[in-house]
Amino acid sequence: MERTLVLIKPDGVRRNIIGDVISRIERKGLKIVALELRTLDEETARTHYEEHTDKPFFSSLVEFITSGPLVAMVVEGNRAVEAFRSLAGATDPIIAAPGTIRGDYGLDVQANIVHGSDSTYSADREIKLFFPNLA
Ligand code: DAT
Ligand code: MG
């Protein structure tokens, strides 16, 4: 069974929509196999987003993702990576289709509510970073 790393970013936690995001995941038939509320330190944030190190928005992204508690989850199911990316919608919430998490809640490309791994390779790396003890 495939696994993906999902984050409800600090903006989603501040807006009290943890419950709705989790509901959508469960409604889809995906299973939550690990879950934690935590505030990231800068080092973990930089490692999580390492593919974006050279982007102009990198330092702002790290500041944002460490700005308060987030919910980290490991989500499992058939083609879980793609299934969650589909629930999340496009990176830019203005482009994301209504009915998706980002399409329903966001207007800002940085504060876009959720993260989902973009491949099984990334999922593996990200799950190990957030949940090193998960079997
Ligand atoms: P995704 O989160 O859809 O995988 P990504 O990996 O390209 O998107 O980017 C990671 C995060 O960085 C994204 O969720 C929000 C932020 N981001 C992406 N493009 C941005 C931009 N042009 N300006 C500011 N933040 C951006
Ligand atoms: Mg990405």
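**View 1. T47 and its helix.** T47 sits in helix 3, which covers residues 42–48. Helices here are DSSP runs of H or I with at least four residues, strands are runs of E with at least two, and both are numbered from the N terminus. This is a predicted model, in which local features need pLDDT of at least 70 and side-chain atom pairs count only at pLDDT 80 or more, while totals for chains, interfaces and linings use all residues. Residues are numbered from 1 along each chain as its sequence is written, and chains are lettered from A and ligands numbered from 1 in the order in which they are written. Now look across to A111: its C-alpha atom and that of T47 are separated by 19 Å, and the two residues are 64 residues apart along the chain.

View 2. UniProt lists H115 for "active site" in an unreviewed entry. Such positions use the numbering given here, feature names are shortened, and annotations may be inferred rather than shown by experiment. You can find H115 in strand 4, residues 114–116. H115 counts as buried because 21 C-beta neighbours lie inside 10 Å. Leaving out residues up to four places away in sequence, H115 touches V6, L7 and K9; contact means C-beta atoms, placed from the backbone, within 7 Å.

**View 3. Around ligand 1.** Which residues surround ligand 1? They are H52, F57, L61, T91, V109, Q110, N112, H115 and D118, each with its C-beta atom, placed from the backbone, within 6 Å of the ligand. This shell has three nonpolar, five polar and one charged residue. Ala, Val, Leu, Ile, Met, Phe, Trp, Tyr, Cys and Pro count as nonpolar, Asp, Glu, Lys and Arg as charged, and the others, Gly among them, as polar.

**View 4. Strand 1 and its partners.** Strand 1, residues 2–8, is mostly covered, with six of its seven residues buried. Strand 1 runs antiparallel to strand 3 (residues 70–77), joined by seven bridges; strands pair if DSSP finds at least two bridges between them. Look for T4, whose bridge partner in strand 3 is V75. Strand 1 is also antiparallel to strand 4, with three bridges joining them, and I8 stands opposite V114 of strand 4.

How values were computed: Buried ≥ 20, exposed ≤ 12 C-beta atoms within 10 Å, placed from the backbone. Contact = placed C-beta atoms within 7 Å.
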